[in-house]
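Here is a short briefing to read with the model open beside you. Have a look at the fold before you start on the notes.

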Amino acid sequence: MDERIKKLANQVINYACRLQKGERILITYDGQSATPFAKQLIKEAYAAEGLPFVDIRDTTVSREIIMHCTEEQVKIMMESELMRMKEMDAYISIRAMEGRTEFADVPAANQAIYNRTMMPVQNQRVNNTKWAVLRYPNGYMSQQANMSREAFEDFYFDVCTVDYDKMSKAMDPLAALIEKTNHVRIVGPGTELEFSIEGMGAIKCDGKRNIPDGELYTAPVRDSMNGVISYNTNAVGGGVRHENIVFEIKNGKIVNATSSNTAVLNRVLDTDEGARYFGEFSFGLNPYILTPMGDTLFDEKICGSFHLTPGQAYAACDNGNKSAIHWDLVNIQRPEYGGGEIWFDGKLIRKDGLFVLPELEGLNPENLK
């Protein structure tokens, strides 16, 4: 077996999930190429004297279920999965899917029913387990990244096994600054945005949640945001790909939204009342991730980026916004993407993707590699 698989499995079980003797861990994976990694995770869980459980999924099968699902049916599914999740101390999700558009023709109403009704399971997992979510490299992902499979695998293991302990220490000054900041201003091409983060707190994502990791998030005060944001990376929502997403925001609410698929974009934002408000504001910090590949788990960590997320707020930084969606949309501010600035309480903290305050320079890529 590739020694990199063993190293990553050990990191996920013992660092990300911190599995202890007797703890129960649910390992879910989608895509047969992830099978060797799932098996190694089970071995590591047993080595830590934990109790592993496995759930094997298939996106194509899930599509058939959701295509004609009813709310009563999904509620029964939710209650069953919620009961099992409440028995778990830790959770790992591995996705090695061969495509991102399986749900493109699923009726929006059915997707909304499924997402809304299953939300208690996600909330239980996010708020009450030690969890890690990661992809696993395959041919589809290498094509998305426009890389050979071998080159993508090298990239994947580099970004996933970065020195997270070093990164975590470098995050501390930014977390402290966020904790005492009120007003945020973001400017860039097509973007002029202001909001408050007063009292929202700061959460470090340093290898204990998503893999790859490398972000630090808070949340905007729900009704404080005003202005315009133009995202410069693509995203998949409602089963289709969106380019050139632009939001006009008034008192926290997205009042106008356009993209290359404006109709579908607005159907996503009309999932529920909270979908047009924001639940997260986060800095991307992983020094090895430089370009978007159409996969949120990677793109939201892009060095020199931020993401501003319509939908559900995390309990750790709860601004009161509730929604069945949580859609991380990314803007890269490095010069080759048009640049940009982030200001805290009238002071410039990051310009063109690089932190300019001395106490934050440890987060710049040359200091994290």
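This is a predicted model: local features need pLDDT of at least 70, side-chain atom pairs count only at pLDDT 80 or more; totals for chains, interfaces and linings use all residues.

Residues are numbered from 1 along each chain as its sequence is written, and side-chain values use heavy atoms, with hydrogens and water left out.

**Nonpolar cores**

- A nonpolar core here is a set of buried Ala, Val, Leu, Ile, Met, Phe, Trp, Tyr and Cys residues joined through side-chain atoms within 4.5 Å; buried means under 20% relative accessible area, exposed over 50%, and partly exposed in between, with a 1.4 Å probe and protein chains only.
- The largest nonpolar core has 59 residues, and Phe-37, Ile-92 and Ile-94 have the most contacts inside it.
- A second, separate core holds 46 residues, including Val-162, Ile-178, Ala-202 and Ala-235.
- Leaving out residues up to four places away in sequence, Ile-94 touches residues that include Ile-27, Tyr-29, Phe-37, Leu-41, Leu-134 and Tyr-136; contact means heavy atoms within 4.5 Å.

- Helices (H or I, at least four residues) and strands (E, at least two) are DSSP runs, numbered from the N terminus, and two strands pair if DSSP finds at least two bridges between them.
- Strand β3 (residues 90–95) is mostly covered, with 5 of its 6 residues buried.
- Strand β1 (residues 24–30) pairs with β3 in the parallel sense over 6 bridges, and Leu-26 has Tyr-91 as its bridge partner in β3.
- Strand β4 (residues 130–135) also runs parallel to β3, joined by 6 bridges, and there Trp-131 is the bridge partner of Tyr-91.

**Strand β15 and its partners**

- Strand β15 (residues 278–284) is largely enclosed by the rest of the structure, because 7 of its 7 residues are buried.
- Strand β9 (residues 215–218) runs antiparallel to β15 with 4 bridges, and Tyr-217 stands opposite Ser-282 in β15.
- Strand β16 (residues 305–310) pairs with β15 in the antiparallel sense over 6 bridges, where Ser-282 stands opposite His-307.

**Helix α7**

- Helix α7 (residues 149–160) has 12 residues and reaches 16 Å from its first C-alpha to its last, close to the 16 Å expected at 1.5 Å a residue; that expected span is 1.5 Å times one less than the number of residues.
- Its buried residues are Phe-152, Phe-155, Tyr-156, Phe-157, Val-159 and Cys-160.
- The buried residues of α7 pack against several elements, among them α1 (3–16), β4 and α8 (164–179).
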